[in-house]
Amino acid sequence: MASLLATIIVSSPAAPAAAVGSTYYVDSVAGSDTNVGTVSSAPWKTLTKVNTVTLTAGSRILLKAGSVFANQYLDLTGSGAFGAPIVVDRYGAGARPLIDFGNTSVGNEGFGVRIRNGSHWEVNNLEITSGQHATAMRRNGILVVGEGPGGGDFSQIKIVNNVVRDIFGSDRRSGGINLHARNVSGGGESTWRGVLIQGNTVDNVSDTGIQTMTDALTGAPGWVHQRDAFRNLLIRGNTVTRIHRDGILVRASNRPLVEYNTTDQIGRETDVNASVVNYLPVIGFVAAQWMYFVDRGVFQFNTASNTRKLDGDGQAWDFDYGVYDSVYQYNYSFNNEGGALLVLPDTSGNVFRYNISQNDFDRHRGAISIDPAATGDLAVYNNVFYRSQGQYNPLTVANTKTQVDYRNNIFYNLAGGGYENGPKATYANNTFFGNSSATVTGDPSKSVADPQFALPGGATDLLSAIAAYALGAGSASRDSAAVLPDNGGIDIAGRPLPTTSIDRGAVEGTPAGPSMESSEFASGLGAFTPVSGTWSSGAAVGAALQTDIQAEGIAVAGSNSWTDYSVSSSVAASNANGNAGVIVRYTSPSNFLTARFNHQTQKVELYKKQSGVMTLLGSSAYYAGIGEYVPLRVEVRGPSVDVWVGPDKLVSWTDTINAYPAGAVGLRMGYSRGAANEVLIRH
């Protein structure tokens, strides 16, 4: 067996974007694939741990599909460049190449892939494991670390479509995929901009599935980035299962977006031989998906199930210490022992809306658990809480310090428990059906009638939950909710909300059919047809690319007859004066509306194009770096057009002359290089 490598040193972090580095094809068997004509016209190059290789921006390390690299690992330092990242990936057909780093270590730390003090890296399509070992040490499948003299401000890290499994570490900084700003003597503080963690599977690991961490939170001298060490962080479409501690944990982040992830079996759930691995950390508190020291975070369209309540906690979602102005929305949870939501002290301005909780238990304090010492304010509205499994603690709670408003929710209680009142808890327009409904006071517009759900208790995933918890045609919960300002604009099915006659619960009206999805542009442009520009997919994993800066790059999908719908995509412009966005109500290349992020103005902008003339309709300041994804969502309903970024509605416009009554959707890069992540359309 040829060794994979112990260290790669990248020598030219400031290489120009046009640089194209070498491609290294790596097999686990020495001397194989020397006939490179079947692989590439580039010279064959072998990496071994006795060789140090120099990579330039644009270099690629490609591991052969189906290979097994036993007791080996990748230790990566330095940087690529904007537009020319250094890529670690596979080549050839077959299974992902397997890196089994076994009991190897560097500085008493084991890992399959480590990126140390670097920017512009991609790690794609690998399988990483270590197996069980009696040696106690910190282990991670994929570790991105900033530390020591090379620490600093990093950008553009992408970790996509990997499998990380069966890895067991001895402390909280261990697990599947870990980003860590580490305090090391002689080094400065590290931060990251533009991190994408997408489409990975993390299974059977200790300690945590996916996490971000900075030692600014542990008192590193002079470190200040407790709330923004990670900016423009997107954790998307990952599956995290059988985890010792937490599923997905975001710390020290400003405006993170965590969406379309699944966690299951969280909290002392690893399948491990305790007689061999007897050093797993002692834990008493876990949650499935949660935030800590975060501003304006959004977790949406996620599913969390089977989280254990140990000494405490055990919830699906958690507004933990230091979380402000953040949102859990459009999520589905079930069978989480601690309940649906935990709220801890030093939190305020947070929102829990349009979520469905099916048979989450209440073994911490209740279906919703608010710490007695918690302060600030919390809004809980348009959720569904269904339970029928013998729960007995309260469905709602109140303390003397947290102002919590419960509005437009449906509580469907076939078990025990009731509803707490207090000077800091208010209720309005909720439906209380089943046991203890008659005991509710303080809600003058309450309903105790059966909401007539389609299949209560019958959901198995997020899509089936939308169908199961749709209201019956004659339900008293229809059209009887309070209309709330800044309510997110869509329901859990992703469809635009009406401006009047809102339904109670999480599903507005009749459930929509399946969303039209582009399969993350993994192979081809899916339903999108190029109209102008140069479009491709695959060069950037999970994205549609437009590269012609001499053209207005447009690609469209759907029907010109579509009227009301929402469209969302994370878009990135790849040149300093570029822009990238989405199109709504497209009828021709000369007539449409487009919402975009413009690097030149550092604004989110809404334009109309009418008879070929572009006119600005509204804009709002927003900052993102070159190549960083901006999560845009546009809702069109009747004459109203709203543009959202994360939790914020930034631009609104009303079509008073009905110039754009209907039209298809699209992507647009205006004389710019750009990329768009998966597009979701609901109508």
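A residue is buried when its relative accessible area is under 20%, exposed over 50% and partly exposed in between (1.4 Å probe, protein chains only). Strands are DSSP runs of E of at least two residues, numbered from the N terminus.

This is a predicted model: local features need pLDDT of at least 70, side-chain atom pairs count only at pLDDT 80 or more, and totals for chains, interfaces and linings use all residues. Residues are numbered from 1 along each chain as its sequence is written, and side-chain values use heavy atoms, without hydrogens or water.

**Strand β21**

β21 covers residues 248-254. Six of its seven residues are buried. Two strands pair if DSSP finds at least two bridges between them.

| Partner strand | Sense | Bridges | A bridge pair |
|---|---|---|---|
| β18 (residues 208-214) | parallel | two | Ile 210 with Ile 248 |
| β19 (residues 230-236) | parallel | two | Phe 230 with Ser 253 |
| β25 (residues 289-295) | parallel | six | Asn 254 with Asp 295 |

**Cavities**

A cavity is a set of points, on a 1 Å grid over the protein atoms alone, where a 1.4 Å probe fits but cannot get out; lining residues have an atom within 4 Å of a point. The model has six cavities of 30 Å³ or more.

β22 (257-259), β26 (298-300), β47 (565-573) and β52 (630-637) each supply at least two lining residues.

How values were computed:
Helices (H or I, at least four residues) and strands (E, at least two) are DSSP runs, numbered from the N terminus. On a 1 Å grid over the protein atoms alone, a cavity is a set of points where a 1.4 Å probe fits but cannot get out, and a pocket is an open set with protein on both sides within 12 Å along at least five of seven lines; lining residues have an atom within 4 Å of a point. Grid points are joined across faces, edges and corners, and a volume is the space filled by probe spheres set on the points.
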